[in-house]
Amino acid sequence: MKVWTSEHVFNHPWETIAQAAWRKYPNPMNPAVWGTDVLDRCVDPTDGALVTHRIISSRWGLPSWASPILGDPSACYASEVSRVNPRERVFRLETQNLTFGSHIAVDERLVYLPHPDDPENKTILRQEAVVTVRGVPVTNFMESFLTNTISSNAGKGRAAMEWVINQVIKGLSSMDDLSAQNRTSLEYDAV
Amino acid sequence: MESVGAECTELKREYDACFISWFSDKFLKGDKDDSVCAPLLEVYKKCVQNALKEKNINVDEVNIRVLGTDDENRIPPGKSSP
């Protein structure tokens with residue numbers, strides 16, 4: 001049961017996005033995220049996709065009075081599983097919170113694909129979030145609150161990606177072809 | 001960026017540097033051999049597992065998993081293209 005969906009276009013080839021995704025943190029738009037760790041990673045021999053399982057660590061962002069009740073304010077964790085297939089040019093991620101997971105579960109899914117209208121130069125990001133409270137899908141009252149929060153954070157996530165992409169581009173003095181189909185250029189449109 | 005275990009942060013940074021370079025220069029260009037960074041990953045992973053145990057973090061608590069099931073290939077419906 002979807003609470004929220006969104007679509008966004010990046011004016012960069014899929015390969016640039018795929019690299020930026022691994023360098024997303026730290027960034028000024030998501031200051032709460034302080035840690036990312038790889039739990040496992042391997043190339044799936046059946047399709048050549050890179051499969052990664054990570055744990056994302058962040059701060060609560062709650063007022064200090066909440067700490068004695070909820071515990072360590074720096075201890076908010078999420079589990080992220082992803083598959084990157086460079087041949088098919090698909091990058092999927094699924095993240096779910098670990099902390100408080102038995103009370104409220106936010107399951108977020110992202111997929112980065114070459115944009116169907118301009119697969120050489122543009123990438124489309126489709127996101128959706130499903131929220132369940134104590135195993136029951138969220139409806140009505142909670143939905144608008146969560147939708148606004150998820151939407152606001154997703155906006156920051158996209159802005160974060162744009163920021164990271166610019167950092168990646170600035171850091172490159174020369175680039176080889178990333179793939180047979182795509183030549184990246186240092187002359188990008190301003191984002 | 002740090003590691004969930006402070007003692008693993010240096011190992012994490014070494015591994016991440018290796019991975020970023022491999023991902024861009026090899027993997028995206030079709031080279032699937034991931035042995036280059038494997039030794040760094042092994043040491044780093046072990047450190048993280050220990051840190052998770054110490055902090056009592058259980059990553060297996062997550063129930064919903066789409067990747068690896070039939071649902072994986074479902075692409076969320078798109079709105080009209082811009």
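Cys47(B) is buried, at 14% relative accessible area; buried here means under 20%, exposed means over 50%, and partly exposed is in between, using a 1.4 Å probe and protein chains only. This is a predicted model, where local features need pLDDT of at least 70, side-chain atom pairs count only at pLDDT 80 or more, and totals for chains, interfaces and linings use all residues. Residues are numbered from 1 along each chain as its sequence is written, chains are lettered from A and ligands numbered from 1 in the order in which they are written, and side-chain values use heavy atoms, leaving out hydrogens and water.

So what does Cys47(B) pair up with? It forms a disulfide with Cys8(B), the two sulfur atoms sitting 2.1 Å apart; the cut-off for a disulfide is a pair of cysteine sulfur atoms within 2.5 Å. The S-S torsion of Cys8(B) and Cys47(B) is about -90°, so this disulfide is left-handed. Cys8(B) lies in the segment before helix H1 (9-25) of chain B, while Cys47(B) is in helix H2 (residues 38-55), so the bond ties together parts that are 39 residues apart in sequence. Helices are DSSP runs of H or I with at least four residues, strands are runs of E with at least two, and both are numbered from the N terminus. Cys8(B) is buried too, with a relative accessible area of 0%.

## The other bridge in chain B

Over all chains, the structure holds two disulfides. Cys18(B) and Cys37(B) form a disulfide as well, with their sulfur atoms 2.1 Å apart. Its torsion is about -90°, so the disulfide of Cys18(B) and Cys37(B) is left-handed. Here Cys18(B) comes from helix H1 of chain B and Cys37(B) from the loop between H1 and H2, so the pair links parts 19 residues apart in sequence.

Both Cys18(B) and Cys37(B) are buried. Number the bonded cysteines of chain B in sequence order, and the pairing reads 1-4, 2-3.

## Cysteines without a bond

Over in chain A, Cys42(A) is in no disulfide, and the nearest cysteine sulfur, that of Cys37(B), is 14 Å away. Cys42(A) is partly exposed, at 39% relative accessibility.

Cys76(A) is buried, with a relative accessible area of 18%.

## A histidine in a loop

His115(A) lies in the loop between strands S6 (104-114) and S7 (123-133) of chain A. It is buried, with a relative accessible area of 3%. The side chain of His115(A) reaches the backbone nitrogen of Asp117(A) at 3.0 Å.

Methods: Polar contact = N/O pair within 3.5 Å; in protein donor to acceptor, adjacent residues only side chain to side chain.
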